[in-house]
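Dear colleague,

Please find below the structure that I am handing over to you. My notes on it follow directly after.

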Amino acid sequence: MSNTPPRTRMTALQRRSQLIGVGRGLFAVRGLDGTTIEEIAACAGVSKPVIYEHFGSKEGLYTEVVDCEFHILLDSISAALAEEAKPRVLVERAALALLTYIEDRTEGFRILMRDAPPSQPEGAFSTLLSHVTARVEHILSDEFSRRGFSGEDGAMYAQMLVGMVAMTGQWWQDSRQPDKHTVAAHLVNLAWNGLTGLKKDPELRSEA
């Protein structure tokens, strides 16, 4: 008589979550086209029909993974920008939110940077940056007005600022040096002071 305890059957929600996790790991390494439905099924310990039952197709699973990561990152950055603070501190918090997401969910970030899912043909990361840029433009509008910039100028500078942070995040996902707080401090140092006003040893004001 076997002493092995009986396997506990997953609920539909647990199975769906498991498949999303397995898919995330494979898609991050191989991309959508490089991953087969057979590999996903084998890694999850299920048959292919189980995946079809939950997601309809490999593309359906991929879309679910992308949507999940998209909202996790967007919610994190939105939360960082939602609190009352001076514009500079909000930019610091947003930069840290992106870098923390990259640190905690590297696989998710790699996926957002790769193939566009059918639901977002323009690219998930591009869509996310558009959302964030609109929010940054709104937050910095008073600062731009105080400095004599027009609304059109403000929109352009918001694009530049978000693009700079995003590109730095892409670089940092592989480098991881220096630490995220130092990277964020230098990002805001450049964004806020400009090349002619750079400080040698910038610090985050929000970390004080």
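**Packing of helices α5 and α9**

In α5, the residues Pro87, Arg88, Val91, Glu92, Ala95, Leu96, Leu99, Thr100 and Glu103 meet Lys180, His181, Val183, Ala184, Leu187, Val188, Trp192 and Asn193 in α9; contact means heavy atoms within 4.5 Å. Helices (H or I, at least four residues) and strands (E, at least two) are DSSP runs, numbered from the N terminus. Two packed helices are described by the angle between their axes and the distance between the axes. Helix α5 (residues 87-104) and helix α9 (residues 180-193) pack at about 140°, and their axes are 9 Å apart. Axes here are lines fitted to C-alpha atoms, for helices over the stretch in contact, and angles run from 0 to 180 degrees between N-to-C directions. The crossing of α5 past α9 is right-handed; a crossing is left-handed if the near helix is turned anticlockwise from the far one by less than a right angle, and right-handed if clockwise.

**Basis of the values**

This is a predicted model, in which local features need pLDDT of at least 70 and side-chain atom pairs count only at pLDDT 80 or more, while totals for chains, interfaces and linings use all residues. Residues are numbered from 1 along each chain as its sequence is written, and side-chain values use heavy atoms, with hydrogens and water left out.

**The chain as a whole**

The protein chain has nine helices and zero strands. Its C-alpha atoms fill a box of roughly 75 × 35 × 30 Å, taken along the principal axes. Of its 208 residues, 41% count as buried, that is, under 20% relative accessible area, with exposed over 50% and partly exposed in between (1.4 Å probe, protein chains only). Among contacts in the protein chain with a separation of 6 or more, 65% are between residues 24 or more positions apart.

**Aromatic rings**

Three aromatic pairs are found in a search of the whole structure. Rings of Phe, Tyr and Trp (its six-membered ring) pair if their centres lie within 6.5 Å; planes under 30 degrees apart count as stacked, over 60 as edge-to-face and the rest as tilted. The ring centres of phenylalanine 27 and tyrosine 62 are 4.9 Å apart and the planes stand at 85°, so this pair is edge-to-face. Because phenylalanine 27 lies in helix α1 (residues 12-34) and tyrosine 62 in helix α4 (residues 58-82), the pair ties together parts that are 35 residues apart in sequence. Both phenylalanine 27 and tyrosine 62 are buried.

Phenylalanine 109 and phenylalanine 125 also form an edge-to-face pair, at 5.5 Å centre to centre and 90° between the planes. Phenylalanine 109 belongs to helix α6 (residues 106-112) and phenylalanine 125 to helix α7 (residues 124-146), so the pair ties together parts 16 residues apart in sequence. Both phenylalanine 109 and phenylalanine 125 are buried. Ring pairs join Tyr101, Phe109 and Phe125 in a cluster.

**Threonine 35 and the annotated regions**

Threonine 35 counts as buried because its relative accessibility is 0%. Leaving aside neighbours within four places in sequence, threonine 35 is in contact with Leu26, Phe27, Arg30, Ile40 and Lys58.

An unreviewed UniProt entry lists residues 36-55 as "DNA-binding region"; UniProt positions are given in the numbering used here, feature names are shortened, and annotations may be inferred rather than shown by experiment. Residues 36-55 are 80% helix and 0% strand, with the end C-alpha atoms 14 Å apart. For residues 13-73, the unreviewed UniProt entry gives "domain: HTH tetR-type". This span is 89% helix and 0% strand, and its end C-alpha atoms lie 22 Å apart.

With kind regards
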